Amino acid sequence: MTSPLIGVVMGSSSDWDTMQHAVQILTQFGVPHAAQVVSAHRMPDDMFAYAESAQGRGLRAIIAGAGGAAHLPGMLAAKTVVPVLGVPVASRHLQGVDSLHSIVQMPKGVPVATFAIGAAGAANAALFAVAMLASGDPALRQKLEAFRADQTAAARAMALPPAA
Ligand code: RP5
(Lines give C-alpha, C1' and ligand atoms only; values in the text may rest on other atoms or scores of the structure.)
Protein backbone atom coordinates (compact mmCIF):
# COMPACT_ATOMS: atom_id res chain seq x y z
CA MET A 1 0.00 0.00 0.00
CA THR A 2 1.31 3.49 -0.90
CA SER A 3 2.01 5.79 2.04
CA PRO A 4 -0.01 9.01 2.05
CA LEU A 5 1.77 12.10 0.75
CA ILE A 6 -0.99 14.47 1.84
CA GLY A 7 -2.72 14.36 5.20
CA VAL A 8 -6.25 15.75 5.38
CA VAL A 9 -7.48 16.52 8.89
CA MET A 10 -10.53 18.26 10.26
CA GLY A 11 -11.82 19.24 13.65
CA SER A 12 -15.06 17.29 13.46
CA SER A 13 -16.98 14.88 11.28
CA SER A 14 -19.32 17.85 10.73
CA ASP A 15 -16.50 19.38 8.62
CA TRP A 16 -16.62 16.46 6.16
CA ASP A 17 -19.22 18.05 3.84
CA THR A 18 -16.62 20.75 3.18
CA MET A 19 -13.41 18.74 3.44
CA GLN A 20 -14.58 15.96 1.15
CA HIS A 21 -13.98 18.41 -1.70
CA ALA A 22 -10.26 18.27 -0.94
CA VAL A 23 -10.32 14.49 -0.86
CA GLN A 24 -12.20 14.35 -4.17
CA ILE A 25 -9.47 16.39 -5.87
CA LEU A 26 -6.64 14.31 -4.40
CA THR A 27 -8.42 11.14 -5.51
CA GLN A 28 -9.01 12.57 -9.00
CA PHE A 29 -5.27 13.30 -9.35
CA GLY A 30 -4.23 9.95 -7.90
CA VAL A 31 -2.35 11.53 -5.01
CA PRO A 32 -1.99 9.15 -2.02
CA HIS A 33 -3.71 10.72 0.96
CA ALA A 34 -5.38 9.89 4.26
CA ALA A 35 -8.22 11.77 5.95
CA GLN A 36 -9.20 11.73 9.63
CA VAL A 37 -10.68 13.79 12.44
CA VAL A 38 -8.09 15.50 14.66
CA SER A 39 -9.68 18.05 16.96
CA ALA A 40 -7.45 20.76 18.42
CA HIS A 41 -9.51 21.34 21.55
CA ARG A 42 -10.98 17.86 22.04
CA MET A 43 -7.88 15.81 21.11
CA PRO A 44 -4.89 18.11 21.75
CA ASP A 45 -2.46 15.25 22.48
CA ASP A 46 -3.49 13.43 19.30
CA MET A 47 -3.06 16.68 17.35
CA PHE A 48 0.49 17.12 18.63
CA ALA A 49 1.32 13.47 17.89
CA TYR A 50 -0.07 13.86 14.36
CA ALA A 51 2.05 16.95 13.71
CA GLU A 52 5.20 15.59 15.34
CA SER A 53 5.04 12.39 13.28
CA ALA A 54 4.07 14.06 9.97
CA GLN A 55 7.58 14.44 8.55
CA GLY A 56 8.62 10.92 9.52
CA ARG A 57 5.48 9.47 7.94
CA GLY A 58 6.41 11.10 4.64
CA LEU A 59 3.66 13.71 4.51
CA ARG A 60 4.54 16.51 2.09
CA ALA A 61 1.66 18.75 3.17
CA ILE A 62 -1.23 18.76 5.62
CA ILE A 63 -4.62 20.14 4.62
CA ALA A 64 -6.37 21.14 7.84
CA GLY A 65 -9.98 22.30 8.02
CA ALA A 66 -11.73 23.70 11.06
CA GLY A 67 -14.58 25.98 11.98
CA GLY A 68 -15.21 28.64 14.63
CA ALA A 69 -12.17 29.41 16.80
CA ALA A 70 -10.20 27.32 14.35
CA HIS A 71 -6.92 26.51 16.11
CA LEU A 72 -6.15 23.28 14.28
CA PRO A 73 -4.13 24.54 11.28
CA GLY A 74 -2.04 26.97 13.35
CA MET A 75 -1.32 24.50 16.13
CA LEU A 76 -0.31 21.80 13.63
CA ALA A 77 1.99 24.32 11.95
CA ALA A 78 3.50 25.17 15.34
CA LYS A 79 4.59 21.55 15.75
CA THR A 80 5.90 20.67 12.27
CA VAL A 81 7.69 22.25 9.34
CA VAL A 82 5.56 20.22 6.91
CA PRO A 83 3.52 22.89 5.04
CA VAL A 84 0.03 23.36 6.48
CA LEU A 85 -2.80 24.46 4.18
CA GLY A 86 -5.71 25.83 6.19
CA VAL A 87 -9.35 25.61 5.17
CA PRO A 88 -11.87 27.75 7.07
CA VAL A 89 -15.08 25.78 7.48
CA ALA A 90 -18.32 27.79 7.51
CA SER A 91 -19.65 28.14 11.05
CA ARG A 92 -23.30 28.42 12.02
CA HIS A 93 -23.34 31.86 13.65
CA LEU A 94 -20.61 33.77 11.81
CA GLN A 95 -20.65 31.88 8.50
CA GLY A 96 -16.95 31.06 8.65
CA VAL A 97 -15.58 34.60 8.92
CA ASP A 98 -14.49 33.59 12.44
CA SER A 99 -12.79 30.49 11.02
CA LEU A 100 -11.08 32.54 8.30
CA HIS A 101 -9.74 35.12 10.73
CA SER A 102 -8.59 32.43 13.17
CA ILE A 103 -6.62 30.65 10.46
CA VAL A 104 -5.31 33.51 8.33
CA GLN A 105 -4.06 35.81 11.09
CA MET A 106 -1.00 33.76 12.08
CA PRO A 107 1.67 35.80 13.83
CA LYS A 108 4.96 36.15 11.94
CA GLY A 109 7.18 33.06 12.01
CA VAL A 110 4.72 30.17 11.72
CA PRO A 111 2.87 30.31 8.40
CA VAL A 112 -0.38 28.66 7.45
CA ALA A 113 -1.38 28.98 3.78
CA THR A 114 -5.03 29.96 4.08
CA PHE A 115 -7.72 29.28 1.51
CA ALA A 116 -11.28 30.47 0.92
CA ILE A 117 -14.12 29.63 3.29
CA GLY A 118 -15.91 26.40 2.43
CA ALA A 119 -15.89 23.94 -0.43
CA ALA A 120 -13.94 26.17 -2.84
CA GLY A 121 -11.20 26.55 -0.25
CA ALA A 122 -11.05 22.81 0.37
CA ALA A 123 -10.80 22.05 -3.35
CA ASN A 124 -8.21 24.79 -3.88
CA ALA A 125 -6.11 23.59 -0.95
CA ALA A 126 -5.97 20.18 -2.63
CA LEU A 127 -5.14 21.73 -6.01
CA PHE A 128 -2.37 23.72 -4.31
CA ALA A 129 -1.01 20.54 -2.74
CA VAL A 130 -1.10 18.88 -6.17
CA ALA A 131 0.82 21.87 -7.60
CA MET A 132 3.44 21.54 -4.85
CA LEU A 133 3.95 17.85 -5.64
CA ALA A 134 3.82 18.52 -9.40
CA SER A 135 6.92 20.72 -9.25
CA GLY A 136 8.94 17.50 -8.87
CA ASP A 137 6.65 15.14 -10.78
CA PRO A 138 6.26 15.73 -14.55
CA ALA A 139 3.37 13.25 -14.91
CA LEU A 140 1.39 15.01 -12.18
CA ARG A 141 2.21 18.39 -13.73
CA GLN A 142 0.72 17.17 -17.03
CA LYS A 143 -2.46 16.13 -15.24
CA LEU A 144 -2.69 19.54 -13.61
CA GLU A 145 -2.18 21.31 -16.94
CA ALA A 146 -4.89 19.13 -18.50
CA PHE A 147 -7.24 19.99 -15.62
CA ARG A 148 -6.65 23.70 -16.23
CA ALA A 149 -7.12 23.28 -20.00
CA ASP A 150 -10.46 21.52 -19.41
CA GLN A 151 -11.59 24.39 -17.20
CA THR A 152 -10.59 26.92 -19.82
CA ALA A 153 -12.49 25.03 -22.51
CA ALA A 154 -15.56 24.81 -20.29
CA ALA A 155 -15.45 28.55 -19.58
CA ARG A 156 -15.06 29.37 -23.28
CA ALA A 157 -18.08 27.19 -24.03
CA MET A 158 -20.30 29.01 -21.52
CA ALA A 159 -23.37 30.48 -23.13
CA LEU A 160 -25.57 33.16 -21.61
CA PRO A 161 -29.38 33.17 -21.79
CA PRO A 162 -31.06 36.04 -23.58
CA ALA A 163 -31.68 39.11 -21.42
CA ALA A 164 -35.15 39.20 -19.86
C1 RP5 B 1 -14.60 22.79 15.23
O2 RP5 B 1 -15.86 23.04 15.75
C3 RP5 B 1 -14.80 21.88 14.07
O4 RP5 B 1 -13.80 22.09 13.13
C5 RP5 B 1 -16.17 22.22 13.57
O6 RP5 B 1 -16.11 23.07 12.43
C7 RP5 B 1 -16.81 22.98 14.73
C8 RP5 B 1 -18.07 22.34 15.23
O9 RP5 B 1 -17.82 21.00 15.59
P10 RP5 B 1 -19.02 20.04 15.99
O11 RP5 B 1 -19.68 20.67 17.19
O12 RP5 B 1 -19.95 19.99 14.80
O13 RP5 B 1 -18.40 18.70 16.28
O14 RP5 B 1 -13.76 22.19 16.16
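How many residues of S3 are buried? I looked this up in the predicted model and noted that seven of the seven residues of S3 are buried, so that I record the strand as mostly covered.

**Faces of S3.** I next examined the two sides of the strand separately. On one side I found Ala-61, Ile-63, Gly-65 and Gly-67, on the other Ile-62, Ala-64 and Ala-66, and these residues are all buried.

**Partners of S3.** I then turned to strand pairing. S1 and S3 run parallel and are joined by five bridges; in S3, Ile-62 stands opposite Gly-7. With S4, I counted six bridges to S3, again in the parallel sense. Here Ala-66 stands opposite Pro-88 of S4. I followed the chain from S3 through H3 to S4 and recorded this β-α-β crossover as right-handed.

**Nonpolar core.** I listed the largest nonpolar core, which holds 43 residues. The members that touch the most others are Ala-22, Ile-63, Leu-72 and Ala-126. I noted that at least two core residues come from each of the strands S1 (6-10), S3 (61-67) and S4 (84-89), and from each of the helices H1 (16-28), H2 (44-54), H3 (72-79), H4 (97-104) and H5 (119-134). H5 gives the most, with eight residues. As background, I recall that nonpolar side chains in soluble globular proteins tend to be buried together.

**Leu-72.** Which residues is Leu-72 in contact with, leaving aside its neighbours within four places in sequence? I recorded Val-9, Gly-11, Val-38, Ala-40, Met-47, Ala-64 and Ala-66.

Definitions and conventions
Residues are numbered from 1 along each chain as its sequence is written. This is a predicted model: local features need pLDDT of at least 70, side-chain atom pairs count only at pLDDT 80 or more; totals for chains, interfaces and linings use all residues. A nonpolar core is a set of buried Ala, Val, Leu, Ile, Met, Phe, Trp, Tyr and Cys residues joined through C-beta atoms within 7 Å. A residue is buried if 20 or more other C-beta atoms lie within 10 Å of its own, exposed if 12 or fewer, and partly exposed in between; C-beta atoms are placed from the backbone. Helices (H or I, at least four residues) and strands (E, at least two) are DSSP runs, numbered from the N terminus. Two residues are in contact if their C-beta atoms, placed from the backbone, lie within 7 Å. Two strands pair if DSSP finds at least two bridges between them. A crossover is right-handed if, with the strands pointing away from the viewer, the path from the first strand over the helix to the second runs clockwise.
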